[in-house]
There are 2 protein chains.
Amino acid sequence: MTTNRQFNLKRRPEGAPVADDFALEGAPLPKLADGQFLIRNHYASLDPAMRGWMSDADSYMPPIPLGAPVRASTIGIVEDSRAEGFAKGQWVMGLNAIEDYSVGTLGGFTQPIDPDAVPSVTNYLSLFGAVGMTAYFGLLDVCEPKAGDVLLVSGAAGAVGSLVGQIGKIKGCTVIGIAGGAEKCARLTARYGFDHAIDYRGKDRAALDAAIRALAPDGVDVIFENVGGDILDAGLNNLRHGARIGLCGLISEYNAPGPVGARNLWQLIVHRASIRGLLVADFVPRFAEGAVQLGAWAAEGRLIVDEHIDEGLDNALPAFMRLFEGSNQGKMILKIA
Amino acid sequence: MTTNRQFNLKRRPEGAPVADDFALEGAPLPKLADGQFLIRNHYASLDPAMRGWMSDADSYMPPIPLGAPVRASTIGIVEDSRAEGFAKGQWVMGLNAIEDYSVGTLGGFTQPIDPDAVPSVTNYLSLFGAVGMTAYFGLLDVCEPKAGDVLLVSGAAGAVGSLVGQIGKIKGCTVIGIAGGAEKCARLTARYGFDHAIDYRGKDRAALDAAIRALAPDGVDVIFENVGGDILDAGLNNLRHGARIGLCGLISEYNAPGPVGARNLWQLIVHRASIRGLLVADFVPRFAEGAVQLGAWAAEGRLIVDEHIDEGLDNALPAFMRLFEGSNQGKMILKIA
């Protein structure tokens with residue numbers, strides 16, 4: 001008899017998640033009701049936002065219940081079905097969990113995908129998933145960059161950040177990326193075509209501030225912010241009049257016991273600038289538009305998409321923690337089967 | 001021979017300004033060049049923003065030079081003139097300094113005003129000055145409140161805040177004000193017509209958060225922020241989807257050696273909300289429009305404008321410090337002559 005191995009949340013993490021917060025546990029295979037189908041998960045997307053779902057704070061999604069498997073976007077193959085349109089063998093993608101098998105429901109969020117339409121089926125978790133759509137709509141719709149603008153991207157070597165910078169280049173911006181370590185910085189300019197890279201390691205707020213100023217003496221028009229803390233503060237100190245900050249994430253604060261907060265908000269007054277929070281869910285009705293454009297740019301070789309795939313459910317935690325250590329090179333994905 | 005007493009900045013304040021940072025000093029009356037006129041200052045506007053001008057940080061205006069009189073909006077009477085259009089006896093208003101006499105220049109910022117057009121000539125420093133225009137354009141243009149919106153105003157008993165709340169009521173909002181002390185809170189509801197008042201004294205971040213939630217269980221649509229720190233953080237915790245925060249000031253941080261910063265910016269992501277910095281200077285070309293509307297509302301009795309006038313150049317510092325102690329009741333003005 002097959003068991004369903006599940007990466008369960010056993011305790012809400014305090015600060016950085018540790019092994020004792022989770023357990024890989026076996027459960028019987030779920031039974032299907034009418035309108036349901038069984039998904040054999042092949043890949044799970046690992047995203048910084050999942051850290052928020054592990055806490056019990058009110059957010060845009062309910063917390064993951066204790067004892068339940070960790071929520072994640074997955075792609076897999078339908079193995080059994082009592083739902084019309086979801087035949088055995090069909091590839092699907094949906095918001096499920098880190099587990100061998102998930103149950104999809106007709107009319108739910110799980111959608112069929114075509115593996116032959118993309119270079120790799122995992123692209124549905126990177127370029128054609130939340131990551132690609134966040135970069136595309138977050139930059140173009142929320143930040144409204146114009147040709148000639150200076151665009152500053154933090155978390156620039158990450159899955160979203162690397163796409164944001166490349167899209168900024170396509171749109172005619174001068175792009176500055178902030179990342180951790182010389183290797184990542186080299187990747188930003190050599191591989192992703194950023195104009196400049198700033199290594200935040202070993203730099204305090206004043207040094208970050210100075211590094212941005214040296215590259216953008218007249219200030220930046222757009223910030224795509226993934227990090228928060230000192231990095232956001234340094235960006236706030238280098239705004240041009242009317243600058244737009246798209247707030248995508250605050251990864252430096254997710255594991256912090258007491259976040260430092262943004263101490264340079266007064267610069268928004270000085271420069272009549274704005275910070276706007278963005279969430280990809282708002283753009284779901286326009287995902288097809290984003291997919292067409294992103295796919296075209298990728299096919300033309302103007303957009304490089306990197307994926308970092310770790311293997312095995314028993315590697316779920318170390319793979320997830322790469323996002324916070326910064327040891328992933330590209331969109332973090334866990335191969336389950 | 002007349003001397004010009006000047007309230008000079010002698011040292012840049014660290015934290016709260018103290019007496020030794022300033023000196024009231026006499027200088028000879030300035031000589032006029034062609035195109036200049038001599039203003040006998042009667043009233044000076046005292047505003048929180050002046051604290052920023054006393055520091056040496058880059059801002060939207062250059063720092064006040066050490067040894068120079070403290071920059072302020074003043075109104076006064078032309079006493080001598082070598083400038084066409086500025087005859088002796090003409091009332092004028094401009095960005096001058098806290099001193100007996102200032103020099104105006106043709107084509108500069110000093111403009112004639114008509115004392116007979118207003119209930120009190122000091123209204124040019126309150127309702128028809130930066131305070132009134134900040135409230136009017138800051139609320140209506142930057143925050144775009146709609147009828148039925150819940151509007152949260154911090155620093156609500158202050159000159160700008162009290163007008164913002166009243167304009168919000170005129171526009172059909174439910175208005176919640178945050179102020180310090182029972183007396184001010186009573187003034188908000190009884191005198192300015194706010195729907196609710198929250199006394200921030202003795203409340204930590206969690207208690208502020210709970211107080212807002214109790215009055216606005218579905219969250220707030222608009223925040224007009226004058227204060228920052230814990231008060232902004234509590235507001236951020238109570239946003240409705242798509243909320244707009246107009247950032248007018250951060251008075252709690254101006255004298256703080258290490259500002260605490262905004263630690264709840266992640267709520268902008270959760271609620272797809274925005275913070276936008278606002279400065280009244282952007283609306284100068286539309287001041288006439290604002291003045292007509294504000295004047296009409298005041299004449300109809302729908303807008304109450306309070307002024308707190310302290311007297312004498314030797315009271316400049318204690319009068320200014322009322323803004324930070326919260327002991328003023330209305331727009332803070334110093335009567336010079």
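This is a predicted model: local features need pLDDT of at least 70, side-chain atom pairs count only at pLDDT 80 or more; totals for chains, interfaces and linings use all residues.
1. Two strands are said to pair if DSSP finds at least two bridges between them, where strands (E, at least two residues) and helices (H or I, at least four residues) are DSSP runs numbered from the N terminus. By that rule E5(A) and E7(A) pair in the antiparallel sense over 2 bridges, with Met93(A) standing opposite Gln111(A) in E7(A). E5(A), residues 91-97, also pairs in the antiparallel sense with strand E4 of chain A, residues 71-81, over 7 bridges, and there the bridge partner of Thr74(A) is Gly94(A).

2. Residues are numbered from 1 along each chain as its sequence is written, and chains are lettered from A, and ligands numbered from 1, in the order in which they are written.

3. How are the two chains related? Two copies of a chain are related by a rotation about an axis and a shift along it. Here a rotation of 180° with 0.0 Å of shift along its axis superposes chain B on chain A, with an RMSD of 0.0 Å, and that is the relation of a two-fold axis. The superposition is by least squares on the C-alpha atoms of residues with pLDDT of at least 70 in both copies.

4. The contact between the chains takes 25 residues from chain B and 25 residues from chain A, two residues being in contact if their C-beta atoms, placed from the backbone, lie within 7 Å. On the side of chain B that touches chain A, helix H8 (266-271) and strand E13 (274-277) each supply at least two residues, and H8(B) gives the most, with 5 residues. By class, this side of chain B has 15 nonpolar, 6 polar and 4 charged residues; Ala, Val, Leu, Ile, Met, Phe, Trp, Tyr, Cys and Pro count as nonpolar, Asp, Glu, Lys and Arg as charged, and the others, Gly among them, as polar. Because 100% of the interface residues of chain B are also interface residues in chain A, the copies meet through the same surface.

5. Strand pairing also crosses from one chain to the other: strand E13 of chain A, residues 274-277, and E13(B) pair in the antiparallel sense over 3 bridges, and the bridge partner of Ile275(A) is Ile275(B). Arg272(B) lies in the loop between H8 and E13 of chain B, and this residue has a positive phi of about 50° although it is not a glycine.

6. Within chain A, the division is into domain 1 (3-126 + 305-335) and domain 2 (133-281), the bounds coming from an automatic or database domain assignment. The C-alpha centres of the two domains lie 29 Å apart, and their contact takes 13 residues from domain 1 and 10 residues from domain 2 of chain A. Helix H1 (49-54) and strand E15 (331-335) of chain A each supply at least two residues of the side of domain 1 that touches domain 2.

7. Which elements are enclosed by the rest of the structure? A residue is buried if 20 or more other C-beta atoms lie within 10 Å of its own, exposed if 12 or fewer, and partly exposed in between, with C-beta atoms placed from the backbone. In chain A, 8 of the 8 residues of helix H6 (residues 229-236) are buried, so this helix is largely enclosed by the rest of the structure. In chain B, 5 of the 5 residues of strand E8 (residues 150-154) are buried, so this strand too is largely enclosed. Val150(B), Leu152(B) and Ser154(B) point one way from E8(B), and Leu151(B) and Val153(B) the other way. E8(B) is joined by 5 bridges to strand E9 of chain B, residues 174-179, and the two run parallel, with Val153(B) opposite Gly177(B).

8. Two loop residues deserve a look for contrast. Asp114(A) is found in the loop between strand E7 (111-112) and helix H2 (130-143) of chain A, and it counts as exposed because it has 10 C-beta neighbours inside 10 Å. Glu144(B), in the loop between helix H2 (130-143) and E8 of chain B, has 12 such neighbours and therefore also counts as exposed; its phi is near 45°, a positive value in a residue other than glycine.
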